[in-house]
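Try each task before reading its solution.

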Amino acid sequence: MAQLVGGLATSHIPAIGGAIHKGLQQDAYWKPFFDGFPPIRKWLGRVKPDVVVIFYNDHGLNFFLDKMPTFAVGAAERYDNADEGWGIPTLPPFKGEVDLSWHIINAVTEQDFDLVTCQEMLIDHACTLPLKLFWPDGECPVSIVPICVNTVQFPLPSARRVYALGRAVGEAIQSWDSDKKVAVMASGGLSHQLDGERAGHINKDFDLKFIDSLLTNPEWATQFSIHDLVEKTGTQGVELLMWLGMRGALTSNSASVRKVHSNYHIPISNTATGLLALESAGPS
Ligand code: DHB
Ligand code: FE
């Protein structure tokens, strides 16, 4: 059976793509953000996952307000990045892990989750930038299964529901008949609000408590409604739902987790950036 090796989580911001393109990693503004990644890349170089299952939110590239699925899973041979209008260079296509996509789709549907299945799916900065941050050099060495969670148009799925989806996805990964190593990844958050009266809203206390909860009490954030989460973390801060999907997946085999590394830096653009890597440490 496939091995679930751990979880990764990072914020996403289109400007990161511009900074990578211009080689600004050592620039004073960007350094505290980019400096979080080398310890995690070192761990990834050791663990060498073959496949990454990514919880992310599309921002209007593949799904627009006219048709907005709550949960959508990619089942494509390849995923193209396309111009989202942010002026960032597009990345080469990413390779899909189709067999795992269908295994996850079948397994979580059996667990009463209703999904949109996408045999064609454009992926935006939320899916591509984390892959580039964790594997910066050359062609991306992992194949992917993108899982898109709506955080754009209300109503949004609850924190409780995304955590439960993550758990079902984790169980599916571990029942996949393959000798491949699989990591789960979350892209989004932490606190940020891009528009309206509270544009620029950041909640450092909540963010740090949230990161800590993923180690000590992973269900902590599921007590909050979407309204609570927007109030605490901003309209786009609800992207932290992805971190709950990732963490739910790691809980699925009642394995304990070990923190590999974390980082928190505010702000990059309008966003509080968080970074976390967790290793599955075997049954507790
Ligand atoms: C920013 C943050 C996001 O999550 C996003 O999708 C786009 C922009 C920002 O802070 O600029
Ligand atoms: Fe976003």
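**Exercise 1. The iron site**

Task: Find which residues coordinate the iron ion (ligand 2), and through which atoms.

Solution: 
- Step 1. In this predicted model, the iron ion (ligand 2) is held by NE2 of His-12, NE2 of His-59 and OE of Glu-239, at 2.1 to 2.2 Å. Donors here are N, O and S atoms within 2.8 Å of the metal (3.2 Å for Na, K and Ca), and since water is not among the atoms, sites may look incomplete.
- Step 2. Written as a sequence pattern, the donor spacing is H-x46-H-x179-E.
- Step 3. Helices (H or I, at least four residues) and strands (E, at least two) are DSSP runs, numbered from the N terminus.
- Step 4. Check the accessibility: His-12 is buried at 3%, and Glu-239 is buried at 3%. Buried means under 20% relative accessible area, exposed over 50%, and partly exposed in between (1.4 Å probe, protein chains only).

A note on conventions: residues are numbered from 1 along each chain as its sequence is written, and chains are lettered from A and ligands numbered from 1 in the order in which they are written. Because the model is predicted, local features need pLDDT of at least 70 and side-chain atom pairs count only at pLDDT 80 or more, whereas totals for chains, interfaces and linings use all residues; side-chain values use heavy atoms, with hydrogens and water left out.

**Exercise 2. Surroundings of a histidine**

Task: Decide whether His-125 is buried or exposed, and list what it is in contact with.

Solution: 
- Step 1. Locate His-125 in helix 5 (residues 125-134).
- Step 2. With a relative accessible area of 2%, His-125 is buried.
- Step 3. Setting aside neighbours within four places in sequence, the contacts of His-125 include His-12 and His-59, both of which are donors to the iron ion (ligand 2). Other contacts of His-125 include Ile-13, Pro-14, Glu-84 and Trp-86. Contact means heavy atoms within 4.5 Å.

**Exercise 3. Backbone details**

Task: Which peptide bonds are cis, and where is phi positive in a residue other than glycine?

Solution: 
- Step 1. The bond from Phe-154 to Pro-155 is cis, with omega near 5°; Pro-155 is in the loop between strand 7 (143-149) and helix 6 (159-174).
- Step 2. The bond from Gly-189 to Leu-190 is cis as well, with omega near -10°; Leu-190 is in the loop between strand 8 (181-187) and helix 7 (204-216).
- Step 3. Lys-48 has phi near 50°. Lys-48 lies in the loop between helix 3 (38-47) and strand 2 (51-56) and is exposed, at 55%.
- Step 4. Asp-112 has phi near 75°. Asp-112 lies in the loop between helix 4 (98-110) and strand 6 (116-118) and is exposed, at 58%.

**Exercise 4. The whole fold**

Task: Work out why helix 9 (residues 241-251) can be called largely enclosed, then describe the protein overall.

Solution: 
- Step 1. Eleven of the eleven residues of helix 9 are buried, so the rest of the structure largely encloses this helix. Among them are Trp-243, Arg-247 and Thr-251.
- Step 2. Across the protein, 54% of the 284 residues are buried.
- Step 3. Of the contacts with a separation of 6 or more, 80% are between residues 24 or more positions apart.
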